[in-house]
Amino acid sequence: MRIAMIGTGYVGLVSGTCFSDFGHDVVCIDKDAAKVDALRSGRIPIFEPGLESLVSSNAKAGRLRFTTDLAEAVPQANAVFIAVGTPSRRGDGHADLSYVYAAAREMAEYLAPGTVVVTKSTVPVGTGDEVLRIIREVRPDLDVSVASNPEFLREGAAIEDFKHPDRIVIGCEDERGEQVLREIYRPLFLNKSPIVAMSRRGAELTKYAANAFLATKISFINEIADLCEKVGANVQDISRGIGLDNRIGSKFLHAGPGYGGSCFPKDTLALLKTGQDYEAPLRIVEAVVAVNDNRKRSMGRKVISAMGGSVQGKTVAILGLTFKPNTDDMRDSPALAIIQTLQDNGAKIQAYDPEGMEQAAALLSGVTFCDGAYSALEGADAAVIVTEWDAFRALDFARMKQALKAPILIDLRNIYVRDDVEGKGFTYIAIGR
Ligand code: NAD
């Protein structure tokens, strides 16, 4: 199959590269000329494990190319995927669909008859209808199919997720759309990843329902963690105790500083807006969003109380900035609100993250970025683990004690065992235990 992928960010680049690795002929298109130049010369603009070598091998094999020019890719394509961003619209939380609609309008004049246009971006119900309307506006007589194929990959494990998905959701309004998508995903289907075919609107909504459900699990266990702290129980016991029940499942039951990232915060908000527009309010999701909003700054207050109730003039070492490990993505990371809360209360911040410091520097001010975990701890009054990077899972406590002014460890990801840390002479504060 010949595939054009419009938008070469986390999703477009990973999807395009994996499709080419299946043997399809893929051209990735992006408006950002610097990104395209970098990719052409073998540099990967994002951090994603395994991606660099996969891009390089497929580019060498001639199956993967990069361009800024739609005319180079769209006319020959059997399928044109839209994988541009759908951030929250400023002010009201609706998904900002301007990039999706711009892509539809721009591609329209180049589409050959019979092409399948596929929305891979996360888009609200009805967006496919509008994409079709826009294309028809430019090309009233064009024979075209518009389908939905939401993406479920996780940053940090994106290639593995793309190549071994739990399921592939395709939403089509005609047979051609379904046939082309089945052919594109055939290599995975052979590996027994089920294809779940449904209507276009159903596929659009499935993506939001999935993210809202996962966000619900996180907010649920975070509230249970708060209760555990009050009643003297350990939230990790509860997670295991309920997670082993197959009906519940153990994933997304790790208490922590609240969810962040480029998807859950914006997608839960956008789903709420869709619910309001259709007069079907989603009260559970409303509560999930409110609980999470409150949680991020409350984690800052937790640090302050662990440090004796005031951080005025004190230095806090922050280990981990990205919203989760194995990514450089800082979008809506809990670290942003935690650091802001600490700064608002007069703290100085020394921070280290293995991959996220460049992106973090663009979003944070007044932070001293350090070149390693131990240099971030140097002279600090407490250490806070915000992201559970592997590099922080086996810290040398003797070295930490030497570097820190006071041996206080606040572990917002519950990666240490209390007795071990306290045995080394630290005050240890964790989540829900
Ligand atoms: P991103 O911001 O990393 O990438 C989007 C890219 O699209 C950018 O490089 C931008 O320059 C390009 N672009 C925008 N308009 C364009 C146009 N008209 N023509 C060509 N290029 C254009 O975004 P992302 O994180 O890859 O997310 C893309 C979509 O996938 C979003 O809807 C998101 O919700 C969804 N999604 C993301 C993830 C994730 O983990 N990041 C997972 C699943 C789904």
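Modeller: What follows begins with that residue, moves to other places along the chain and ends with the whole. This is a predicted model, where local features need pLDDT of at least 70 and side-chain atom pairs count only at pLDDT 80 or more, while totals for chains, interfaces and linings use all residues. Residues are numbered from 1 along each chain as its sequence is written, and side-chain values use heavy atoms, with hydrogens and water left out.

UniProt places the feature "active site" at Cys263, in an unreviewed entry. UniProt positions follow the numbering used here, feature names are shortened, and annotations may be inferred rather than shown by experiment. Cys263 sits in the loop between α10 (235–243) and α11 (264–277). Helices (H or I, at least four residues) and strands (E, at least two) are DSSP runs, numbered from the N terminus. Cys263 is partly exposed, because its relative accessible area is 29%. Buried means under 20%, exposed means over 50%, and partly exposed lies in between (1.4 Å probe, protein chains only).

Now follow the chain past α11. Glu279 lies in the loop between α11 and α12 (283–306). Glu279 has a positive phi of about 55°, although it is not a glycine. Its relative accessibility is 72%, so Glu279 counts as exposed.

Next comes Val288, in helix α12. Val288 has a relative accessible area of 5%, so it is buried. Contact means heavy atoms within 4.5 Å. Leaving aside neighbours within four places in sequence, Val288 touches Ala215, Thr216, Ser219 and Tyr259. Ala38 is another matter: Val288 and Ala38 are 250 residues apart in sequence, and their C-alpha atoms are 39 Å apart.

Beyond neighbours within four places in sequence, its contacts include Ser148, Asn149, Pro150 and Phe152. Val196, Met198, Ala203 and Thr206 are also among them. From Val169 to Asp277 there are 108 residues along the chain and 25 Å between C-alpha atoms.

Further on, residues 317–418 carry the UniProt annotation "domain: UDP-glucose/GDP-mannose dehydrogenase C-terminal", again from an unreviewed entry. Over residues 317–418 the chain is 30% helix and 19% strand. The end C-alpha atoms of that stretch are 20 Å apart. Asn414 is found in the loop between β13 (408–411) and α17 (418–423). Asn414 has a phi near 55°, a positive value in a residue other than glycine. Asn414 counts as buried, because its relative accessibility is 10%.

Step back to the whole chain. It has 17 helices and 14 strands. Its C-alpha trace spans about 75 × 50 × 40 Å along the principal axes. Of the 433 residues, 54% are buried. Among contacts with a separation of 6 or more, 73% join residues 24 or more positions apart. The chain carries 50 positive and 56 negative side chains, and the centres of the two sets lie 2 Å apart. Lys and Arg count as positive and Asp and Glu as negative, with His and the chain ends not counted. The place of a charge is NZ of Lys, CZ of Arg, CG of Asp or CD of Glu.
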